[in-house]
Amino acid sequence: QNGGCLMKWFGKIAFADQVDDGTGIWENKIIERDYFGDILQNSKRNQVTEINQDITVTNQLSVIADPYLLDSFHKILYVTFMGSKWRVSEVQVGYPRLTLSFGSLYNEEESNEDP
């Protein structure tokens, strides 16, 4: 419980984009941009399986949207939070802010797969 005060966040939001490599060939690229926001929800749950223990978090960030974020919110892959990359599972647009929900770690190998 934080007494009603919002915790501040600063980190990266990553976008999947297709970029011309200069020769007319388009390739997938991850673009990271810095943003400020507020942590709306921050909770953790341990999920024990027979083999190992999985950590599941349920977090929400409220971020002030710049023009790039508004135009590219559908391309968001992950956010950085507490030293890790977390897969964004939902984006709610409520101009001038976006609310990003995330809860599982982002797998770096996902970005190497073709869409």
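Which ring does the charged end of R33 sit over? The charged end of R33 sits over the ring of Y68, 4.2 Å from its centre; the rule asks for NZ of Lys or CZ of Arg within 6 Å of the ring centre and within 35 degrees of the ring normal.

1. **What you are looking at.** This is a predicted model, so local features need pLDDT of at least 70 and side-chain atom pairs count only at pLDDT 80 or more, while totals for chains, interfaces and linings use all residues. Residues are numbered from 1 along each chain as its sequence is written, and side-chain values use heavy atoms, with hydrogens and water left out.

2. **Overall layout.** The protein chain has 1 helix and 6 strands, and along the sequence they follow the pattern β-β-β-α-β-β-β. Both kinds of element are DSSP runs numbered from the N terminus: helices are H or I with at least four residues, strands are E with at least two.

3. **Surface and contacts.** The accessible surface of the protein chain is about 7,700 Å², and 51% of that belongs to carbon and sulfur atoms; areas come from the Shrake-Rupley method with a 1.4 Å probe, and for residues only the protein chains shown count as cover. Of the 115 residues, 26% are buried. Here buried means under 20% relative accessible area, exposed over 50%, and partly exposed in between (1.4 Å probe, protein chains only). Take the contacts between residues at least 6 apart in sequence: 49% of them join residues at least 24 apart, where contact means heavy atoms within 4.5 Å.

4. **The β5-β6 hairpin.** Strand β5 (residues 84-94) and strand β6 (residues 97-105) run antiparallel and are joined by 8 bridges; two strands pair if DSSP finds at least two bridges between them. The two strands form a hairpin with 2 residues between them.

5. **L98 in β6.** L98 lies in strand β6 and counts as buried because its relative accessible area is 0%. Leaving aside neighbours within four places in sequence, L98 touches L61, S62, V63, A65, L69, L70, F73, V91, Q92 and V93. L70 is 28 residues from L98 in sequence, with 8.2 Å between the two C-alpha atoms.

6. **S62 in β3.** One of the residues in contact with L98 is S62, which lies in strand β3 (residues 53-64). S62 counts as buried, at 7% relative accessibility.

7. **Aromatic pairs.** Rings of Phe, Tyr and Trp (its six-membered ring) pair if their centres lie within 6.5 Å, with planes under 30 degrees apart called stacked, over 60 edge-to-face and the rest tilted. By this rule there are 5 aromatic pairs. F10 and F36 make a tilted one, 4.7 Å centre to centre with 45° between the planes. This pair links distant parts of the chain, with F10 in strand β1 (residues 7-20) and F36 in strand β2 (residues 26-48), 26 residues apart. F10 is partly exposed at 48% relative accessibility, and F36 is exposed at 61%.

8. **A buried aromatic pair.** W86 and F102 are also tilted, at 6.5 Å centre to centre and 45° between the planes. W86 lies in strand β5 and F102 in strand β6, so the pair ties together parts 16 residues apart in sequence. W86 is buried at 10% relative accessible area, and F102 is buried at 3%. Together with F81, these two residues form one aromatic cluster.
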